Amino acid sequence: MRTSLRVNGRTREVEVEPRMTLLDALRDKCGLKGTHAGCEHGVCGACTVLVDGEAVRSCLMFAVQCDDMEITTVEGMAPEEGELGMIQDSFCETHGLQCGYCTPGMVIAARALLEKNDEPTDHDIREAISGNICRCTGYGQIVEAIRLAAKRLRESNVARSPEAAR
Ligand code: FES
Ligand code: FES
């Protein structure tokens, strides 16, 4: 089937099997390998992307379901290729990652949270990432990263802008 995927502001016409997941379409048809495949059955959150602003598990959606919806992957977090967005930079600064496998999903979950709540409590942050498994960090530094990103967003004075939340 021919499907139109709008990813990170760019429309891509792709040929997919009806059973192809959004995760596989992003990685194999769009070449966007930043979205990671972990469990591939909805448990780990490594494959999290935004679809029409909501954080979803791309391993649990079919690509054809997303025809003409707005998809954002971790590649869409950076202002330019080779640069880091504010949330990614906060993860680096607080050592919010080790192996990095969960990180794209964590960054997307953080973005989804901060777009709705620019002053999250630690409880809000933990709840927002509760569907994302990290084997390495013990979560403390991830919470710190998202807290720092929220502070930077507020200080940037454009906290509600989707651009600012990158
Ligand atoms: S790969 Fe989708 S939830 Fe684990
Ligand atoms: S940094 Fe390794 S799984 Fe989270």
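Q: Which domains does the domain assignment of the chain give?
A: This is a predicted model, in which local features need pLDDT of at least 70, side-chain atom pairs count only at pLDDT 80 or more, and totals for chains, interfaces and linings use all residues. Residues are numbered from 1 along each chain as its sequence is written. Bounds come from an automatic or database domain assignment, and for this chain the assignment gives domain 1 (2-76) and domain 2 (86-165).

Q: What area is buried between domain 1 and domain 2?
A: The contact (heavy atoms within 4.5 Å) takes 19 residues from domain 1 and 13 residues from domain 2. Buried area is the accessible area (1.4 Å probe) that two parts lose on being put together, summed over both. Carbon and sulfur atoms give 57% of the area here, which is about 1200 Å².

Q: Which side chains meet in a salt bridge?
A: A salt bridge needs a side-chain nitrogen of Lys or Arg within 4 Å of a carboxyl oxygen of Asp or Glu. Across the interface of domain 1 and domain 2 the rule finds 1. At 3.3 Å, N to O, the side chains that meet are those of E54 and K116.

Q: Which residues does I146 contact, leaving aside its neighbours within four places in sequence?
A: I146 is among the residues that touch the most other members of the largest nonpolar core, which has 24 residues. Such a core joins buried (under 20% relative accessible area, 1.4 Å probe, protein chains only) Ala, Val, Leu, Ile, Met, Phe, Trp, Tyr and Cys residues through side-chain atoms within 4.5 Å. The contacts of I146 are F91, A110, L113, L114, I125 and I129.

Key:
Chains lettered and ligands numbered in written order. Heavy atoms only, no water. Buried < 20%, exposed > 50% of the residue type's maximum accessible area, 1.4 Å probe, protein only.
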